[in-house]
Amino acid sequence: MWSYSRINSFGECPYGWFLKYIKCLPPVSNFYAEYGKFMHHILQRYFQNTLNRSELTGYYLSNFTLQVKQKPHKGSIYADYFRDGLRYLSEISWPESQKIGVERRVSFKIGPYKALGFIDLVEREDGIVITDHKSAKLKPRSARIKPTKEDIALDGMLRQLYLYALAIKQAYGEYPTRLRFNSFRTGSMIEEPFDEEKLNETVKWAENEIETITYNEEWKPKIDYFRCNYLCDMRENCEYYMMNRGD
């Protein structure tokens, strides 16, 4: 079964993909993953009405060290993330809408390929809106003729929501009208109208990646200092990481 993360992670490091999905070796966690998972859990409970607004900060403070056990490479990063999450939850404000899915599990097809995903939030406003919660400090798209690095990164992340748009179409008979990132560390919403041309480009990208992975015979590592040391969940199983670390 394919997913956005399964497709996208091959481009990040084919060897890491091999260890995770073919060798099925146990993953290791990291600060950023644990923080994101914890914040997603709180927002899920909030939108499911099992935590009300007045309970959010107390729950956050009581459970932070229990759920976020890993430490980043700098203490200042730990402090910044902690403060950002606390500020966001203490000031949270969400527009009124009909919530039709929270952490919704969706099965769908990308061309001939079966896929699975979890959509953080599905709402109906002036149409269907799908939202993904992000700990990254995202910026709205620039108006420049030549895309900035932030624009290119945003396009990459939007692929996930465009794939989820396929699931929305299959479930409700209509595409979403808007795609949204809740960049909760900045308290900002990055929102774009649904574009069927971009959907078609995303489907083509996904199908090409799946075919590349399926017929790939070389599992070369992509060495990137920060990702290898602080993000990769296969790092403890990777001989390249161990060699560079000196083990």
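Student: How many bridges join E1 to E2?

Tutor: E1 and E2 are joined by 11 bridges and run antiparallel. Please note that this is a predicted model, in which local features need pLDDT of at least 70 and side-chain atom pairs count only at pLDDT 80 or more, while totals for chains, interfaces and linings use all residues. Residues are numbered from 1 along each chain as its sequence is written, and side-chain values use heavy atoms, with hydrogens and water left out.

Student: What do the strand labels stand for?

Tutor: Strands (E, at least two residues) and helices (H or I, at least four) are DSSP runs numbered from the N terminus. Two strands pair if DSSP finds at least two bridges between them.

Student: Which residue stands opposite Val 106?

Tutor: Val 106 faces Gly 117 in E2. E1 and E2 form a hairpin with two residues between them, and Gly 111 in that turn has a positive phi of about 60°.

Student: In what order do the strands of the sheet come?

Tutor: The order is E1-E2-E3-E4-E5, in an open sheet of five strands with mixed pairing. Strand E1 (98-110) and strand E5 (188-193) are at the edges, each with a single partner strand, so one side of each has no neighbour in the sheet. Neighbouring strands are turned by 35° against each other on average, direction ignored; the axes are lines fitted to C-alpha atoms, for helices over the stretch in contact, and angles run from 0 to 180 degrees between N-to-C directions.

Student: And how many bridges join E2 to E3?

Tutor: Four bridges join E2 to E3, and these strands run antiparallel. Leu 121 stands opposite Thr 131 in E3, and a hairpin of three residues connects E2 to E3.

Student: What about E4 and E5, how do they run?

Tutor: E4 and E5 run antiparallel and are joined by six bridges. Arg 180 stands opposite Glu 191 in E5.

Student: Moving to charges, which residues are linked with Arg 180 in a network of salt bridges?

Tutor: The network links Arg 180 with Lys 99, Glu 123, Glu 125, Asp 126, Arg 178 and Glu 191. A salt bridge here is a side-chain nitrogen of Lys or Arg within 4 Å of a carboxyl oxygen of Asp or Glu, and the count comes to 18.

Student: Is Arg 178 buried or exposed?

Tutor: Arg 178 counts as buried at 16% relative accessibility, whereas Glu 125 is partly exposed at 29%. Buried means under 20% relative accessible area, exposed over 50%, and partly exposed in between (1.4 Å probe, protein chains only).

Student: Where do Arg 83 and Asp 80 lie?

Tutor: Both are in helix H5 (residues 75-91), three residues apart, about one turn of the helix. Arg 83 is partly exposed at 47%, and Asp 80 is partly exposed at 34%.

Student: Which residue forms a salt bridge with Asp 84?

Tutor: Lys 137 does, with the closest N and O atoms 3.8 Å apart. Lys 137 is in the loop between strand E3 (128-134) and helix H6 (149-172), 53 residues from Asp 84 in helix H5. Asp 84 is buried, with a relative accessible area of 7%.

Student: Now the cysteines. How many disulfides does the structure hold?

Tutor: The structure holds zero disulfides, a disulfide being a pair of cysteine sulfur atoms within 2.5 Å. Cys 228 is in none, and the nearest cysteine sulfur, that of Cys 13, is 6.4 Å away.

Student: Lastly, which residues are buried in helix H2?

Tutor: In helix H2 (residues 14-22), the buried residues include Pro 14, Tyr 15, Gly 16, Trp 17, Leu 19 and Tyr 21. Just after H2, Cys 24 takes a positive phi of about 55°.
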